[in-house]
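Please look first at the sequence and the structure shown below.

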Amino acid sequence: MPVSAEDGRVLAGPERESAVFEDGLKRKYDLWLEEIFSLLPEDVQRKFWESLDDWLLYLEILIQQTGFQKKKVRQITEKAKIFAEDIENIEDLQKLPLHQLNVLANQEISELKLFSLLQGAVQCSGNRLMLGLDLPAMTVLNVRAVQTVAAAYGFDVRKPFETVAALKVFHCATVPKRFQKQYWEELKAFAEKQEEIDVRKPITGLPWMNHLLVQLFKGFVVHMLRKKRYNGWPLLSMAIGGWANFRVTKDVTDLAKRFYQYRLSRGNE
C-alpha cells in the first residue's frame, strides 16, 4: 500500500529529530572548542596556526625532495606512455583525455589506500613508540597522497602555487564534513586566481583541530585495547588503526581526485 505524504513525514519524524539532535551536539562541540581556544591570547593562537602551517609546508617540500616521491613521479610518467609515447614530463599528462588520467589516478589511489591500511595496522600493533609515530606517519602519507594524485592528473606540485594548492586540498579533506562545503568553495576560488598566491595567508584553522583530536582519541582507544590479544596479536587495536587510517586516506584521495578533475575541466572550457 502506498504511503501518503503525511504518513511519510510522520515516519521520517524520528530520523529528523535524530539529525537535529546530532547537529545540535556538533554546534555545541564547535562552540566549546572555540571557547577553549579563546582563553589563549590572540598572539599565541596566531603563532600556533602559523607554526602548524609552516610545519605542513616544510613537510610537503621535504616529501617532494625525497627519492621515493621523485621515483613515483617517474613511474606515473612511464605508465602514461602506454597512452601516448610523447609524454616526457608530468605536465604532458594534461594532453591525455580525462578517462585515461582517471585510470592512472585510480591505480595510484588503490596502492595508497592499501598502504594506509597496512600502516595503520602496524602503527597500532601495541608498540608505544610506533603508536606515538602514527599521527606524523599518517600526515606524511596523506600529504604524499595528494601530491601523487596531483601528478597523476598532470600537475607539478614543485611549483609554488601547486604546493599551496595541495596543502589546501589536504586541509579541506581532513576537516569535519560539516565544514567541507565552505572550504571546497574556497578551494575552487583559490584555483581561479593562480597569480595571487599569498603564502602568509593561513591554511589551517580551528575546524582542523577536530582532525587532530580525533586522531588523538583513536590513539587513546588503541592504547587501551593493546592488551586484548588473540594468538599473541592485538587484532582489535590493529583493525581499528588500519580502518581509521584507510578512511582518512580514502577521504583525502577522493577529494584530491575531485579537485584535480575540476581543474582540468575548467582548463578545457
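A nonpolar core is a set of buried Ala, Val, Leu, Ile, Met, Phe, Trp, Tyr and Cys residues joined through side-chain atoms within 4.5 Å. Here, buried means under 20% relative accessible area. The model to which these terms are applied is predicted.

The overall plan may be described before the details. The secondary structure of the protein chain consists of ten helices and zero strands. Read from the N terminus, the order of elements is therefore α-α-α-α-α-α-α-α-α-α. The protein chain has 269 residues, of which 43% count as buried. Among the contacts in the protein chain with a separation of 6 or more, 76% are between residues 24 or more positions apart. The accessible surface of the protein chain is about 15800 Å², and 61% of this surface belongs to carbon and sulfur atoms.

The interior comes next. In soluble globular proteins, nonpolar side chains tend to be buried together. In this model, the largest nonpolar core has 55 residues, and the members that touch the most others are Val146, Tyr153, Val169, Phe259 and Tyr260. Helix α7, residues 160-174, supplies the largest share of this core, namely nine residues. From its first C-alpha to its last, α7 reaches 22 Å, which is close to the 21 Å expected at 1.5 Å a residue.

Which residues does Val169 contact, once its neighbours within four places in sequence are left aside? They are Val146, Leu187, Leu255, Ala256, Phe259 and Tyr260. Among these partners, Val146, Phe259 and Tyr260 are also named with Val169 as the core members that touch the most others.

Val103 belongs to helix α4, residues 98-123. Because its relative accessibility is 37%, Val103 counts as partly exposed. In sequence, 49 residues separate Val103 from Ala152, while their C-alpha atoms are 9.0 Å apart in space. Asp92 is located in the loop between α3 (67-80) and α4. With a relative accessibility of 12%, Asp92 counts as buried, because buried means under 20%. Apart from neighbours within four places in sequence, Asp92 is in contact with Asp86 and Ile87.

Tyr230, Trp233, Leu235 and Leu236 make a nonpolar surface patch of about 440 Å². Within this group, Trp233 lies in the loop between α9 (209-225) and α10 (235-267). Trp233 has a relative accessible area of 51% and is therefore exposed, because exposed means over 50%.

The structure holds 14 salt bridges. One of them joins Glu50 and Arg46, whose closest N and O atoms are 3.5 Å apart. Why are Glu50 and Arg46 separated by about one helical turn? The two residues are four residues apart in helix α2, residues 42-65, and this spacing is the reason. An α-helix has 3.6 residues a turn, so residues three or four places apart point the same way. Glu50, at 39% relative accessibility, counts as partly exposed, and Arg46, at 44%, also counts as partly exposed.

Two further salt bridges link separate parts of the chain. The side chains of Lys159 and Glu91 meet with an N to O distance of 2.3 Å. Lys159 is in the loop between α6 (134-152) and α7, whereas Glu91 is in the loop between α3 and α4, so this pair ties together parts that are 68 residues apart in sequence. Lys159 is partly exposed, with a relative accessible area of 39%, and Glu91 is partly exposed, with 37%.

The other salt bridge is formed by the side chains of Lys177 and Asp251, at 3.7 Å from N to O. Since Lys177 lies in helix α8 (residues 177-192) and Asp251 in helix α10, the pair ties together parts that are 74 residues apart in sequence. Lys177 has a relative accessibility of 57% and so counts as exposed.

Technical notes:
Residues are numbered from 1 along each chain as its sequence is written. This is a predicted model: local features need pLDDT of at least 70, side-chain atom pairs count only at pLDDT 80 or more; totals for chains, interfaces and linings use all residues. Side-chain values use heavy atoms; hydrogens and water are left out. Buried means under 20% relative accessible area, exposed over 50%, partly exposed in between (1.4 Å probe, protein chains only). Contact means heavy atoms within 4.5 Å. Patches are made of residues with over 30% relative accessible area and no salt bridge: like charges are joined within 9 Å, nonpolar side chains (Val, Leu, Ile, Met, Phe, Trp, Tyr) within 5 Å. Accessible areas come from the Shrake-Rupley method with a 1.4 Å probe; for residues, only the protein chains shown count as cover. A salt bridge is a side-chain nitrogen of Lys or Arg within 4 Å of a carboxyl oxygen of Asp or Glu. The expected span of a helix is 1.5 Å times one less than its number of residues.
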